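Hello,

Here is the structure I promised to pass on to you.

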Amino acid sequence: MIYRIFFAISWKAFIFNLATDIFTLKLLRPILKYFLILLLLLFAAGYLFVQHLKPEYSGTRTLAGITDSVRVDFDAYGIPHIFAGSEPDAMRALGYVHAQDRLWQMELIRRVGRGGLSEVFGSRTLETDRFFLTLGIDDSSREIVAGLDKSLPARQLAEAYLEGVNDFIEQGPTPPEYYLVGLDKSPFTLVDVYNTIGYMAFSFAMAHKTDPFLTGVAEKLGPDYLRDLLAEPESPTTRIPVYDVRDTSESLAFSAGADIRRILEPLPLPMLEGSNSWVIGGAKTRSGKVLFANDPHIGFAQPSVWYEAHISLADYEKYGYHMAGIPFPLLGHNRQVAYGLTMFENDDIDFYQETTDLSDSTRYQRGEEWVRFEKVEKEIRVKGGKPVHFSFLRSDLGPVVNEVIPALSNRPPVSMNWTYTKGPNRVLEALYGISHASDPESFEEAVKLIHAPGLNVMYGDAQGNIGWWAAARLYQLPDSVNTSTLIDGREAVPGFSREAGFDANPKSINPPWGYVYSANNQPDSTSIGLIPGYYLPENRAMRIESLLESRDDWDAAGVRDMIQDVQSPVVATVIADLSRLLDIRSLDDDQTECVDALNRWSADFSVESQEALLYHRWVYHLLRRTFSDELGEEGFNSLLGTHLVKKLVAKMASLEHSVWWDDISTPDTVETKSEIVSKAFKEAMASVREDFGTDSDNWRWGPVHQLEFGHALGSVPSLGWFLNVGPFEVPGTREVINNLAFNYDSSGRYPVTSGPSTRRVIDFSDIGNSMSILPTGQSGNPFSPHYDDQAELYTRGEFRPMLLDPEAIAGDAKNTLILLPK
């Protein structure tokens, strides 16, 4: 009976549930149906939106200003080959295609000089904007453009380029970054071009990081400490040879450097660091023709710094590398001429300590005269906030920087004198002239126009000529003046500094040894002696000279191998100098074996190297033990942020006696170099064992030396996976030819911060098959197929062709864009 009752209840419950399910299903089915339709519509809308955001590499568009149709063939890597009937039309087309791939990059870089980053990123870049507005880049740009001759070909072609950029802004799709930050597009002007050049000039300089630091060393620690930092080694250094056949307070001490690092840290753009270039004459090549190599070293970011473009006209051709927003290529070649750049590293920024009138602080002293400061008012627009107003003083030497460098706030006024913002600025004309030169004479005439930034300009041509010019406006100051520290502003009367003239600039044209090169090392003396500067150590220069001297049958394949060389003879010398000072009796068997391995090592920084890992740990701990006791943590980090530290490693390894060796935190003991070296080695061994274990088979350079290309918005966790490229394990290190550099810190990791922004090898015996590579890709648009299509090739050390021949371009072209007059 109970069973029947249970069965009846269960059956009714089943019928009820079934009916309910059917009824519910009838209600849910249309809901599910409409939900799926909505999802499909959203997906379709998203797909169409993404397609709309992609660069247009094919089809037909109208372009304002052109007088005839222009054909743009995009090769397999998205590089435009522009065929036009006139140069103005070609420049308009260049501006259009450059903007469609790099508009966001162009937007950011034009904002640096005018103090406009806070309008995009909010208050976190406010200090950076204040700093750059105080430098006066934007004021200088406006003054230059106001006085620029409208008939100059450089101006006319630059304006044509800007017309193309602005036509894309008007009719092209908006890059996704504008939506992400809520920014409206706006037209580009000549002032933006000069602001971009101004930022480039500033990023080449090192004095703003180094002069205040060295002044602090002198003031706080004394001349002996400064002498050991700056003294040149006793043995001859590797300087760039010159040849021309035609003409035989404590707060300042260390905080200022930390201030500068903090101010520049938010920059969403890479800083320019150094470079290699060498040009081999026909007497040393297998073909008898010139070989040209160049790999400018710039901070890594995504997108890459350079935008490649090839312009072909009936009477002009150039395959060029363009910076965002600059119309003329800084690197380039055609069938007759090749040119490239490295950083000169001359000192073109000086800081002057002003003396103010005790009865009137608005006046400063020049000789026996009193001069009134100019007060400058500025406004910064801030995203999500009210505009910020600030003011600063300006002397006849330049802006007073105390208010933007907090460490200087309690000192008398300090004026910053920067060559770039002083005197005539004809850099745009120079870039035009360089890109249109056809022989060494016309090339030199264009190079003469560069006043700043200081550049080593490299040259080679189809006629067999090779050359190198150090381009900069050089000044001579009295011999008693040390430009590495603050200069007494009272002495800066008329005649205090004298322009030297271009004839005094270092250069080498068709030297008898058959090659020219630059690795940011110091040039040899000229008629005005050695040029002051913050030159990089001779490591790369020594290796380049050694390799170039070793053979007279160079070919393009050999140069491509050389440009990726990761061996350092200087490192081998450093290891020998340090290891002989180790107290071997205090080392255990594993430590002794590691010392032997380091001494047998060829100083080749492959990703598999065990010794590379231990070497850099040793160097860091040696630097920390040597300098941090006197400098403190902040001062030590300031030192690590200068070029100076790159020269100090080899210098201190060879310097037997120095005031720096004593650890001042142990007042009862005077430490020797041997003690410091031994302690640093043991600390390095302990840190490697802690991180990687005691088995040295597990020690590898690659895992700690990785390269990731970071987008300006890539630090946002939800966007980084989409916008950043990498990371990749890479070979190389600081100051080898394949200069994949990093900053030392206590982490024991060495993420790559800068390196070859391109690798170019141009062979005048086969110009159409010259080779190059970009670090990531041609496009800055994350929806483009060319956003990162070169990244793996780059990290593997591979190349791809720079096409010049119309037949090769036609065979390789994946897309063609036709631009028609409006």
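**Charged pairs and rings**

E107 is buried, with a relative accessible area of 0% (buried means under 20% relative accessible area, exposed over 50%, and partly exposed in between, using a 1.4 Å probe and protein chains only). Before we go on, please note that this is a predicted model, in which local features need pLDDT of at least 70, side-chain atom pairs count only at pLDDT 80 or more, and totals for chains, interfaces and linings use all residues. Residues are numbered from 1 along each chain as its sequence is written, and side-chain values use heavy atoms, leaving out hydrogens and water.

What does E107 pair with? Its partner in a salt bridge is R110, with the closest N and O atoms 3.1 Å apart (a salt bridge is a side-chain nitrogen of Lys or Arg within 4 Å of a carboxyl oxygen of Asp or Glu). R110 is buried too, at 1% relative accessibility. Both residues lie in helix α2 (residues 87-113), 3 residues apart, about one turn of the helix (helices are DSSP runs of H or I with at least four residues, strands are runs of E with at least two, and both are numbered from the N terminus). E107 and R110 also belong to a network of salt bridges that includes R111, R114, E119, D192 and R381. In total, the structure holds 45 salt bridges.

Another pair is R624 and E683, whose side chains meet at 3.0 Å, N to O.

F443 and W469 have ring centres 5.4 Å apart and planes at 45°, so they are tilted. F443 is in helix α13 (residues 440-447) and W469 in strand β19 (residues 466-471), 26 residues apart. F443 is buried at 0% relative accessibility, and W469 is buried at 0% as well. W618 and F681 make an edge-to-face pair, 4.9 Å centre to centre with 70° between the planes. W618 sits in helix α18 and F681 in helix α20, so the pair ties together parts 63 residues apart in sequence.

Best wishes

Conventions
Rings of Phe, Tyr and Trp (its six-membered ring) pair if their centres lie within 6.5 Å; planes under 30 degrees apart count as stacked, over 60 as edge-to-face and the rest as tilted.
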